[in-house]
Each structure stands twice: as structure tokens, then as C-alpha cells.
Amino acid sequence: MNLTFCVLVLISGLTLVQSVVETETSAGTQSCCPDLSLSHQELGAVKAKLEAVETKLKETESQVLVLKEKEALKVVFSAGILENAAIGPIKKPKTLVYGRVITNVGNAYNQNTGIFVAPVRGMYYFSFFYHAGGGHPVRLRLIKNNNSVVEITDHKTLMDGADNGGNAAFVELQQGDQVFVRLDANHHVWGNGYITTFSGFLLHQI
Amino acid sequence: MNLTFCVLVLISGLTLVQSVVETETSAGTQSCCPDLSLSHQELGAVKAKLEAVETKLKETESQVLVLKEKEALKVVFSAGILENAAIGPIKKPKTLVYGRVITNVGNAYNQNTGIFVAPVRGMYYFSFFYHAGGGHPVRLRLIKNNNSVVEITDHKTLMDGADNGGNAAFVELQQGDQVFVRLDANHHVWGNGYITTFSGFLLHQI
Amino acid sequence: MNLTFCVLVLISGLTLVQSVVETETSAGTQSCCPDLSLSHQELGAVKAKLEAVETKLKETESQVLVLKEKEALKVVFSAGILENAAIGPIKKPKTLVYGRVITNVGNAYNQNTGIFVAPVRGMYYFSFFYHAGGGHPVRLRLIKNNNSVVEITDHKTLMDGADNGGNAAFVELQQGDQVFVRLDANHHVWGNGYITTFSGFLLHQI
């Protein structure tokens, strides 16, 4: 009978301990794992959003780079005929060499040859002005490669001591296209560094 | 006495087990939950920072879009009077039609009417040059809608075989404003495609 | 013998309970802590990535700001000599005052003095055109501070009732540099608001 009682007490004791153990451990489990799964979802959402932001930023960066490069490319020049004398008349057409450089950003204009070479495809503006005495006719042609774009002309006019003229045009150029001012055979202009000039600039790339 | 001893042993055993259980479970609790609350704060901070970055990026994107649109809008033209002949004199003022198009990006210049129509509000530049014989006077007016902006004029001068001239101006235009070159009644200019020209471009939008 | 049995049962019972406790608690540990350390690593990676994005965005923002400021700065003017009369000849050189303002964005041109003052260092374009009778010679100089950039000249030509001319150049200016058109002593031009003009604009900052 003692033995029976002892075993009963033992079993009831074990049952009590078992329940205590389950309570303790299940309580521990509840305080961690549900919160953890929640923060996993949030973290996943943040990572997705961050990747989207990164992608958009990369696009914006490349767009800004393009704008910066376009803004950075400067091509502009102005020059005047250097000789204080008449240029021409001569028997052959002649490319006018404007040896007095006022401006030459990008060095697309060559002051030794008078030829502008387009560094990039784009829309360019050119203007040219002349002064000349009336003793000979004047014909200046703004040449793109081998074609006339715009011209200035004046007759021989002995009664008029001198004449002036100018012209200008916007011209699309491919990279490497050459632009210069050609004086026709048997025509002339007057230099002096300041009055017979040639200017141009890159309006925008294409 | 046996019974008493047995119960004592049982109780001490249960106490031992109980302490073991508490140790185990409290240890489990410490290794999870404090860290978890910490990472919750960090995650919250990251989410806030990410939203701030997203907002700033949106602003930057819209600013870049504006810059791109301004950079993308190109309006530029150059044209010359096509006829190889005198234009005028005639009894009524006449809008000069420059039928030889050199450049016409944006198609704001109409080569059939000689009229440029501003596609957007902005600051525009126009230049025009002429050549004409001395047999009749010359008067060209750069007209904005119905008002003269700048002009070129020359007298009748039989002793001078020909004359040249030009003028240019920056003009603010509203969208739809019309700009063209008008030849006065009883005046003339000379064409040939290359010497009497009209050019313009959009300097910037407003 | 009863006692011995009772103690044996008790020990085996305690061992059983002990094993149960270990199982329970170790199970609880596995379901929390390894995941938690994993999410800690992920959160750290996200925070690092976010900081990198923030840094890049700051750079892009400042680049866009520079582009916006360059795009926003507008300097452009056109004006004509207001008097409907001859200007000159006079004994001393004279700065021409173009009192009829057509355009003056940025107010860098002063219509009372005829002087343009560069608001920023940059590349500028200037063009000027004149009309004058032949009774006196013409010499106009585009002056930067005290140096001639480009010029227009014409002789006295009684047989030619009038003449026209123009010139233009791109010029680099420092902030505060002055640009204007000077009429030489004993020379003249004709006004009327529309035919003798002066224009300029900021092509780009430097």
C-alpha cells in the first residue's frame, strides 16, 4: 500500500512538472517567432523598394550624364583677315585664311588654312562679313565641303569707294564636314584684321 | 518512515526539475526577444530613410525631365530667295518668300509663305541679308505680327551697280507669333538662292 | 526492497522529465535565433546599400543643380539707335547709345550709356549693323573694354546716296568686362530706331 501511494505521488508529480515545462517553453516560443516572421516580410518589402530606387537612380544618372556632355561640348570661333591689304584679285578661287583669331574654343577652326572642321554631327551657325574697295567685284561663298551655302557679291563700282556686306546661315554638318569662305577668281576683299571676318558656333549636337 | 523519505526525495526531485526547466526556457527567451526588438527599430529607421530617398529622387527625376525637354526642343531655319531675278518693285508691300530651304528643324518656317510661326513662347534670333542693284531703292522690314522689329534700307543709286545690307535682332515671341521679312512697295531686292537670306532660331524657351 | 524500487522509479521519472524539458526548450531555440541572426545580416546589407544610394543621389542632385543654374541664366539684348537723324560727325570718338530697346533680358545692356557689362564670365556673341548716307565716312568699332574686336568702315562716297554694313564676333568676357560700339571722330551713322542696331547674348558660361 505504501508502494502504491508512493508511485501515485510520483506520477502526479511528473504530470505537474510536464505541464510546467510545456507552459514555460511554449511561452518562450510565442514571444519570438510571430514577430520575427512579420519583420521578415517588412525586410523583404524594403529590399524590393530599394532595388526599384536603385534602378531609377541609374536611369537618372545616365540622363544627367548625357545632358552634362551636351552642355560641356563647346565649339565656337571668330577670326578676321590679318593682312592690312587687298586679298585678290587672283586668277584662281581662293580659300580665305582669317589669320587673326578672336575666339577658337574647341580648335575646330584652323587659322592656317581658314577651314573649319566639324568635330561632331550637329547644327552650326556661320556668319561672315567683308569690306572691299569698289575697284574690283566681290564674290564670297560660304562653302560646305564643295557646295555653296550662302554668298555675298558686289559689282565693280569705281564711283563708290568701298562697300560692305555679310551673310549667315544655320547648316547641319556631319562630323568631319569642312566649312570655309571662298573668294572667287578675279574678285577681291580688303583685310585689316577687323573688318572682313568669319565666325561660327555649334548650336546643338544631333 | 520509508514513506516520509520517499516523499522528501520526490519533492527535492521535482524542485530540481523545476529549476532546470526555468533555466532552459529563460535562456531561450534571452537569446531571441531583445535582439528582435532592436532589429525592429533599425528596420523602421531604414524604411523612413528609404522613403526620404524616394521623395528626393522623384524631385530630381522631374527636374531632369524639364532639362531634357528644354534641350530637346530645336527650332532653327535658314532660307534664301530662290528666284534668280529681282523681287519687285511692285505697288504693294510684299512678304518675301525664301523658297530655297537650307535648314528647317522644327518646320516653324513655311517656305511657301515666307512666314515663321513660333511653336513655343521663347526668345528667338532672326537675321536677314540682301543684295540688290542700285536701280531702285531697298527697304526690308523684319515684321513681328504687324510691327517692325529692325529694318534695312538703301537709296536708289544708279552710280553704284549694287548694294548689300543686313540686320538682326533677338525678339521675344509668344506661341503663334508670326515673323517674316516684308519688302516695301516700290522697292526691290535681288535673289539667286544664295545672297538674299533669312535665318532664325529659338535661343531659349520662356 | 520497496524503498530501493521507489527510488529507482523516481530517478527514471526525473530522467524522463529532464529529456522532455531539453527537447521542448531546444525546439523553441531553433525556431527563433538562427532566423534572427540571418535577418540581422540582411538588414545590415540593406542599410549599406541604402547609404550608397543616398550618396549617389546627392551627387546627381548637385549635378542637376549646376545644369539648372546654367540653363536659367539668360543674358540677351537687342537695341536700335533711337534718333531719326545722323549721329555725328563730331570731333571726338563717341560711344553709340542705342536707346530703342527691343530685348534686354538680364539688363546687362544699359540703354542710357550704350554699354553692355558682362554679368558673368562667359562666351558672348555681339552683332551690329549700320545705315548711313555717303556724305561722310563711317567707322564703327566693337570695343571690349578699351580694345577693338571687329569693325565696320565705309568711305565718303557722294555718288552713293547711302550704304549699309555689319559685323559680328564671339568674344570671351570676364565678369564686369564692358562691350560697346564706338563711332570714330569725324565719322557718322544714321539712326531711326530700326536700321542701326546692336545685339548680343551669352552663349555659355565659362
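Confidence and conventions

Analyst: Chain A has a mean pLDDT of 87, and 81% of its residues reach 70 or more; pLDDT is the predictor's confidence in each residue, from 0 to 100. This is a predicted model, in which local features need pLDDT of at least 70, side-chain atom pairs count only at pLDDT 80 or more, and totals for chains, interfaces and linings use all residues. Residues are numbered from 1 along each chain as its sequence is written, chains are lettered from A and ligands numbered from 1 in the order in which they are written, and side-chain values use heavy atoms, with hydrogens and water left out.

User: How many contacts does the stretch of chain A with pLDDT below 50 have beyond near neighbours in sequence?

Analyst: The stretch is residues 21-32 of chain A, where the pLDDT is below 50. A contact means heavy atoms within 4.5 Å. Beyond near neighbours in sequence, the number in the model is 20.

User: In what order do the elements of chain A run?

Analyst: Helices (H or I, at least four residues) and strands (E, at least two) are DSSP runs, numbered from the N terminus. Chain A has 1 helix and 13 strands. From the N terminus on, the order is α-β-β-β-β-β-β-β-β-β-β-β-β-β.

User: Is A:Leu73 buried, partly exposed or exposed?

Analyst: A:Leu73 sits in the loop between α1 (2-72) and β1 (76-80) of chain A. Not counting residues up to four places away in sequence, A:Leu73 touches A:Val120, A:Leu202 and A:Gln205. Buried means under 20% relative accessible area, exposed over 50%, and partly exposed in between (1.4 Å probe, protein chains only). With a relative accessibility of 30%, A:Leu73 is partly exposed.

User: Which residues of chain A does B:Arg100 contact?

Analyst: B:Arg100 belongs to strand β4 (residues 100-105) of chain B and is buried, at 17% relative accessible area. Leaving aside neighbours within four places in sequence, its contacts in chain B include B:Ser78, B:Leu82 and B:Tyr194. Those in chain A are A:Ser148 and A:Val149.

User: Why is the pair of C:Tyr98 and C:Phe198 called tilted?

Analyst: A pair of aromatic rings is described by the distance of the centres and the angle of the planes. Rings of Phe, Tyr and Trp (its six-membered ring) pair if their centres lie within 6.5 Å; planes under 30 degrees apart count as stacked, over 60 as edge-to-face and the rest as tilted. A search of the whole structure finds 45 such pairs over all chains. For C:Tyr98 and C:Phe198 the centres are 5.4 Å apart and the planes are at 40°, so the pair is tilted.

User: How far apart in sequence are the parts that this pair ties together?

Analyst: Both C:Tyr98 and C:Phe198 are buried. C:Tyr98 is in the loop between β3 (94-95) and β4 (100-105) of chain C, and C:Phe198 is in strand β13 (residues 197-205) of chain C. The pair therefore ties together parts whose separation in sequence is 100 residues.

User: Where does C:Leu158 lie, and is C:Leu158 buried or exposed?

Analyst: C:Leu158 lies in the loop between β9 (147-154) and β10 (162-173) of chain C. Its relative accessible area is 66%. C:Leu158 is therefore exposed.
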